[in-house]
Amino acid sequence: MYDIIIIGAGASGLMVASQLQNKKICLIDKNPKIGSKIKVSGGGKCNITNKYLSSEYFDGDKQFIESTFADFDNTSLLKFLKNNNLIPKIDEKIVKGTYFCNSSEDVINLFEKQTKHCDFLLNCEVLDVKYIDDCFRIKTNKQTLVSKKLIVASGGISYPILGATDIGYKIGESFGHKLVKSNPALVGFTVQKEQFWFKELSGLSLDVELDVGVKKLSGSMLFTHKGFSGPAVLSASLYWKKGQIAINFAPSKDSYLPKRFKQAIKDLDIDIYNYKFSPAGNFGYTKAEVTKGGICTDEIGLNFESKLQKDLYFVGEVLDITGELGGYNFQWAFSSGFVCGALLKQSYDTISQKFGRL
Ligand SMILES: Cc1cc2nc3c(=O)[nH]c(=O)nc-3n(C[C@H](O)[C@H](O)[C@H](O)COP(=O)(O)OP(=O)(O)OC[C@H]3O[C@@H](n4cnc5c(N)ncnc54)[C@H](O)[C@@H]3O)c2cc1C
C-alpha cells in the first residue's frame, strides 16, 4: 500500500513527488524514462519559464492561475532551480522573456535526485482507477496497485508519441468531474484553397500581427507546405475558436516585405494590413505542443484536491489551464505540482504534530 500514487512522471508529477520526501510514493509512467517532454522541449534546452509571468498569457480560470502563482511563480521556480545548481538564462531570440536551460537533461537529472525516495513503474500504462474501502485501486497493464491518495499528473492528449493518453480525463469523469472540451493548441494551421498561395511561400518567415478576435499577438509567422505556423501563430492557436483570423503582414512602419512575398501577392487583391480569412483547421494532436481544455477547475480546490472525491488531486496540463508559447506551460506544470506537493506536506505535518507520528 502506497501513501501516494502519482500517474505521470512528467514535469508536474515529478515536482509533486519532490516535495514529499518522507512519503511512500510510486510514480507510474507509460514511457520507459521520466520527463519525456522535458527532454525534447525547447530544442533540447527546455524553455522552462518566462520573465513576464501573468495570467494574461494563459487560457483558463484567471483567479485560479493567479492564486497558484501567488504561492509559486517564475521567481520561486528560478530559486528552486538555483538551489539545485541549475541557472537558466534568458534568450529572447524567438519569444520575449524566455528562460532556457543549458540542456533539458539537467532538469531531468535534478528531478532524478529529488525523487530518490520514490518507486517508479515505467513502461506501465494506467488503465482504470476505482475507489474502494477508502483506497484507490489503480489498475495498470501489469498489476493493480493500492494507495491512500492519488495524484493525476497525466498531462493532455497531444503528442501521443511521448506517452499521452486520455486517462486523466477518464478518471476525472468517473469521479463526476466536468470536462472542458479539449483541442490541440500551440499548433500550426491548415488553410482553405483561397490561401493555397501560402504553400508557395513555404519556408518564408515574416514578423506579423495576428488578431484572433479575443486576442492580438505579434511575432514571427512561418509559411509552410501545409499552411502556416511559427511562434506567434502557435500562441494564436490557443485562442482560436474556428472563426476568422486577421493578419497584418506589415505591422510596423519599417516592416520589410521580401520579394518572394510581394511576388506571391502581386495578382491577389488582398489587404496586407488586415488580411482576414478562416483557417481550415490545425495540424492536430500529433503536432500540437499542448492540449487546451481538460478537467474543469470549478471543482478543484486551490490545493488541487478534487472537491468531489477526497484524496484525489489533479495537477499540470490535465487541468483546463494552458499557456502561450514561451515557457508558460512548464511554469504551470511546476507551479501546480509544487503547490499541491507543499500543501500536502503541510497537511501531513499537521497530522503528525497532532498524533505525534509521521
Ligand atoms: C515537443 C514539445 C515541446 C515542448 N516545449 C515546451 C517548452 O519548451 N516550454 C514549455 O513551457 N512547454 C513546452 N511544452 C509543453 C510542456 O511539455 C507540457 O505542458 C508539460 O510537460 C506538461 O506537464 P505535465 O506534467 O502536466 O504533463 P506531461 O509532461 O505530459 O506528463 C504526463 C506523463 O503522463 C504519462 N501518462 C499519460 N497517460 C498515462 C497512462 N495512462 N499511464 C501511465 N502514464 C501515463 C505520460 O507518458 C507523460 O510522461 C512542449 C511540449 C511538446 C510536446
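Helices (H or I, at least four residues) and strands (E, at least two) are DSSP runs, numbered from the N terminus. The model is predicted, so local features need pLDDT of at least 70 and side-chain atom pairs count only at pLDDT 80 or more, while totals for chains, interfaces and linings use all residues. Residues are numbered from 1 along each chain as its sequence is written, and side-chain values use heavy atoms, with hydrogens and water left out.

**Ligand shell**

- An N or O atom in the side chain of Ser12 is 2.7 Å from an oxygen atom of the ligand, and a backbone N or O atom of Phe330 lies 2.8 Å from a ligand oxygen atom.
- A backbone N or O atom of Ala11 lies 3.3 Å from an oxygen atom of the ligand.
- The protein buries 95% of the 1000 Å² that the ligand exposes when taken alone (accessible areas by the Shrake-Rupley method with a 1.4 Å probe).

**Sheet**

- Seven strands form an open sheet in the order E17-E16-E13-E14-E15-E12-E18, with antiparallel pairing (strands pair if DSSP finds at least two bridges between them).
- Strand E17 (275-277) and strand E18 (281-282) are the edge strands, each pairing on one side only.
- Strand E16 (residues 245-248) pairs with E17 in the antiparallel sense over three bridges, and Ala246 stands opposite Lys276 in E17.

Methods:
A polar contact is a pair of N or O atoms within 3.5 Å; within protein, one must be able to donate a hydrogen and the other to accept it, and residues adjacent in sequence count only if both atoms are side-chain atoms.
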